[in-house]
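Trainee: I'd like to go through this model with you, piece by piece. Please start wherever you like.

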Amino acid sequence: MASSSDATSSAGSTPEPSGASESGSIPETPDSAESPESPERRGRVRLRRAAVMAVPATAVAAGLMILTAQGALGVQFAISGMPFTVTATNLDGEGFAQFGGLDQMAPGSPNEGDTGGQVLVVVSAIKKATLTKLCQSVDLGGTNLLIRAGEGSQKVSAVNLTTDSTELSGDASFDNIEIGNDASTLDKSHAQGPKGVFSQQADTVHIANLRQTNYATTAAVFKLPGLKLSFSDKGC
C-alpha cells in the first residue's frame, strides 16, 4: 500500500505527453523531424524558387502593359504590312518626340515576305498637331484608296498623334530640340520609347511639304474636316 507522500506525489504530477522521451523532452513535430532532403520539403523549395523566377516575368508583362498604355510601343495592333503614303502642305505640332520602333504583322501575313513579319520604323509622336491639305493613299494593286481632308479653311487636327514610318521628308524646323535622349526619358510628348534607344524631342515642330511612308497611325482624337474618300489611278 502506497504511503500518503507517494500518493500526493503521484496526484500532483503532470502526465507526460504521449510519445514523450524518457528524458521528459517534448517530441519534435513532423516538420522539424523531417530531413532537409525530404520530398515534401524539396517540393516547398521548388515552389519558392518558381515564385521568385516568376517575379521578373510578371514585372516585364506589367511593364509592357504600362508602356502600351503610354503609347511607348508605338502602334498597338498587328499591322497589315501594306504601307500607305501621307502628305500635307504643312504640319504644325506641340510636344514632339521621335524614336525607333518595331512593328509586327499578324502571324502568317501574306505581306511579310522575308521580313519575318517585322518592320523597323521611326515612331513620331506629337501631343497636338494640325495638318493642312492632308492626303492619304494606299496602293491596292491597280488602284489606290485615296483620302483627302483639310483642304478648306479648317485644318485637320489630332491629339496624341503617333505615326510609324519608314520614310519621312519635308522642310522641318524645331523649337528647343534635344537630340540623343534615351527614349525612356522623353517628357515633351505623350509617348516614350524603350530604354537605351536613341531619340529626340522638341517643344514644337513645323514641317512644310510633308511626305511619309507609314505602316500605322494612331491618335486619341483625329478630326478630318471636308473628308473625301475615293478610288484613284494615282496616289498622293
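Trainee: Which strand gives the largest share of the lining of the largest pocket?

Mentor: The largest share comes from β5, which supplies seven residues, where a strand is a DSSP run of E at least two residues long, a helix is a run of H or I at least four long, and both are numbered from the N terminus. Bear in mind that this is a predicted model, in which local features need pLDDT of at least 70 and side-chain atom pairs count only at pLDDT 80 or more, while totals for chains, interfaces and linings use all residues. Residues are numbered from 1 along each chain as its sequence is written, and side-chain values use heavy atoms, with hydrogens and water left out.

Trainee: What volume does the largest pocket have, and what counts as a pocket?

Mentor: Its volume is about 250 Å³. A pocket is found on a 1 Å grid over the protein atoms alone, as an open set of points where a 1.4 Å probe fits, with protein on both sides within 12 Å along at least five of seven lines, and a lining residue has an atom within 4 Å of a point. The points are joined across faces, edges and corners, and the volume is the space filled by probe spheres set on them.

Trainee: Which lining residues are closest to the centre of the pocket?

Mentor: There are 23 lining residues, and those closest to the centre are Leu-91, Leu-161, Thr-163, Leu-210 and Gln-212. The elements that give two or more residues to the lining are β1, β2 (118-132), β3 (134-139), β5 (156-175) and β7 (198-218).

Trainee: How many of the lining residues are nonpolar, polar or charged?

Mentor: The lining has 13 nonpolar and ten polar residues, and no charged ones. Here Ala, Val, Leu, Ile, Met, Phe, Trp, Tyr, Cys and Pro count as nonpolar, Asp, Glu, Lys and Arg as charged, and the others, Gly among them, as polar.

Trainee: Switching to β1, which strands does it pair with?

Mentor: β1 runs antiparallel to β2, with 14 bridges joining the two, and it also pairs in the antiparallel sense with β7 over 14 bridges, while four bridges join β1 to β3, again antiparallel. Two strands count as paired if DSSP finds at least two bridges between them.

Trainee: Which residues face each other there?

Mentor: Taking one example from each pairing, Thr-85 stands opposite Ser-137 in β3, Val-86 has Gln-212 in β7 as its bridge partner, and Phe-99 stands opposite Val-123 in β2.

Trainee: Is Phe-99 buried or exposed?

Mentor: Phe-99, which lies in β1, counts as buried because its relative accessibility is 3%; buried means under 20% relative accessible area, exposed means over 50%, and partly exposed lies in between, with a 1.4 Å probe and protein chains only. Phe-99 is also 9.7 Å from Ala-191, C-alpha to C-alpha, although the two are 92 residues apart in sequence.

Trainee: And what about Thr-87, what is it in contact with?

Mentor: Thr-87 lies in β1, which spans residues 84-104, and it counts as buried because its relative accessibility is 14%. Leaving aside neighbours within four places in sequence, its contacts (heavy atoms within 4.5 Å) are Lys-133, Leu-134, Cys-135, Leu-210, Arg-211 and Cys-236.

Trainee: Where does Lys-133 lie, and what is its phi?

Mentor: Lys-133 lies in the loop between β2 and β3, and its phi is near 55 degrees, a positive value in a residue other than glycine. Most residues other than glycine have a negative phi. Lys-133 counts as partly exposed because its relative accessibility is 45%. Asn-209, in strand β7, also has a positive phi of about 55 degrees without being a glycine, and Asn-209 is exposed because its relative accessible area is 51%.

Trainee: Last topic: which residues touch the most other members of the largest nonpolar core?

Mentor: They are Leu-91, Ile-126, Leu-131, Val-205 and Leu-210, out of 18 residues in that core, where a nonpolar core is a set of buried Ala, Val, Leu, Ile, Met, Phe, Trp, Tyr and Cys residues joined through side-chain atoms within 4.5 Å. β1, β2, β3, β5 and β7 each supply at least two residues of this core, and β1 gives the most, with five. Apart from it lies another core of 13 residues, including Ala-97, Val-121, Ala-125 and Ala-216.
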